Amino acid sequence: MEIHIDLTGTRGHRDAIYRQLRAAILAGRIRPGEALPPTRELAQRLAVSRTTVSAAYDRLTAEGFLAGRVGAGTFVTASPAERPSPVPDGPGVQPLPEWDAVPPPPAPFAPAPEFDFRPGVPDLSLFPFDTWRRLITQRLRAGQADLMTYGDPQGHPALREEIARHVGVSRDVRASAAQVVVTAGAQQTTDLVARVLLRDGDLAAVEDPGYPPPRLVLGARGVRVAPVPVDASGIVVEAIPAGTRLVYVTPSHQYPLGLSMSLDRRLELLDWAERNDAVLVEDDYDTEFRYTGRPLEPLHSLDSRGRVVYVGSFSKVLSPALRLGFLIAPPSLVPALVKARYLTDWHAPNVEQAALAAFMAEGGFARHVRRMRKVYRARHELLVRGLASFAGFLTPLPSSAGLHLSAVAARDCGPLVRAARRRGVRLYSLGDFGVGERRHGLVFGYGAVAAERIEPGLARLRALADEGAA
Ligand SMILES: Cc1ncc(COP(=O)(O)O)c(C=O)c1O
């Protein structure tokens, strides 16, 4: 192991080696079970005597950080969590108080609950593992050194071409690869757009109820965020406050209600954006999965004024772990967005981008979408059928796309959701997605729950509702 120890300017070499190794172990940089270099080797590397290194090792061994195994070497012992973590003397560096208002990130998604009705999670057991392994291996085996250096902040050119082609065919979004920016997903897109368009204190609007991350991302950037109600036709344009500079919407499949924004409302919103010099961020996160009817034209296709940033994500179609998505922006915005991406984290990983481009070019991506659409359509039907037995308590909202379905109720479903979680059924209450107006109801994701688990999961929920947990 290549441990970095810096002895420049130090006099007590033994103490310095001891302190730096101890700090590395406590910080978890050297993990339990890892071997330290032999004393002779480390002494040579640091140009100190072997007894100096041995003395430092001995002290760490005496304190329980290290253990020697005869003939095998010296190893780090228990996990640093079992030792007292270094406590600073003072309060330490404090973040800006604004961060107190930002909720902590969600708990890790794994392990999955017994009945997983969480919205927004695809069936990862059906991820095309073999194909993906082949595509990644091919890129690595080919010795493509150009993939191992800094890439294009706008995104791998071949992937941008494929994305432009994909949205052109599947969504009638007309855009060239020059308008595509590959992102780390919808969340980063919101951040990039906010960076290049909004100043501290500017006003943005989000749907209420709505997808929480855009609201949180904008808020954390110092933007004032107005929750705007949604009716059966979509966001209520009249309720968007004067002075709003950005509106984040989910027209194809409103999150979480599942409704589609009407054509009239789309045109009204575009007209409003033009009159108010605002940008519309159109999150088209899951429309690859449409089960009945033709989707309405995206705002992007109806827009002739360059007011719409179209947002896509590979999180639902492939896996959220890839952290790959894209935006399609008016040409006027692209250079600034690319600079913002560069300054954020330079670019998405090259090998994964190239693998995805190849997956799309060879037709595997389209086949995967078709296969998953069939799987999810069957689950959607089962869920709708199963929810019929909740009549009188739940009324499903019309929804013919995506990976989730919402149902409204006459009373607060929070207690039922909490009781269900305790019994292994994981789902959300509609109220969890509201800011101003908290609607009563439940949100059922069916991406992560296998078809044969849907009815047993609903049965358990039904029993809890009948017991009065609702
Ligand atoms: C409304 C909405 N947009 C976008 C996404 C995808 O987000 P990301 O691309 O950041 O994973 C999700 C995922 O749950 C979503 O529900």
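Visitor: What should I know about the model and its numbering?
Guide: Residues are numbered from 1 along each chain as its sequence is written, and side-chain values use heavy atoms, with hydrogens and water left out. Local features of this predicted model need pLDDT of at least 70 and side-chain atom pairs count only at pLDDT 80 or more, while totals for chains, interfaces and linings use all residues.

Visitor: Which residues are around the ligand?
Guide: A residue is near a molecule if one of its heavy atoms lies within 4 Å of it, and the residues around the ligand include Gly120, Gln187, Tyr211, Tyr255, Asp283, Ser313, Lys316 and Arg323. The shell divides into four nonpolar, five polar and three charged residues, where Ala, Val, Leu, Ile, Met, Phe, Trp, Tyr, Cys and Pro count as nonpolar, Asp, Glu, Lys and Arg as charged, and the others, Gly among them, as polar.

Visitor: Why are helix 1 and helix 3 called oblique to each other?
Guide: Helices are DSSP runs of H or I with at least four residues, and strands are runs of E with at least two, numbered from the N terminus. Angles under 35 degrees count as roughly parallel, over 145 as roughly antiparallel, 65 to 115 as roughly perpendicular and the rest as oblique. The axes of helix 1 (residues 13–26) and helix 3 (residues 50–62) come within 8 Å and cross at roughly 45°, and the two helices are therefore oblique.

Visitor: Why are helix 4 and helix 11 oblique to each other?
Guide: The axes of helix 4 (residues 129–141) and helix 11 (residues 350–361) come within 9 Å and cross at roughly 120°, and these helices are therefore oblique to each other.

Visitor: Where does Pro209 lie?
Guide: Pro209 is in the loop between strand 6 (203–208) and helix 7 (212–220), and the peptide bond from Asp208 to Pro209 is cis, with omega near 5°.

Conventions
Axes are lines fitted to C-alpha atoms, for helices over the stretch in contact, and angles run from 0 to 180 degrees between N-to-C directions.
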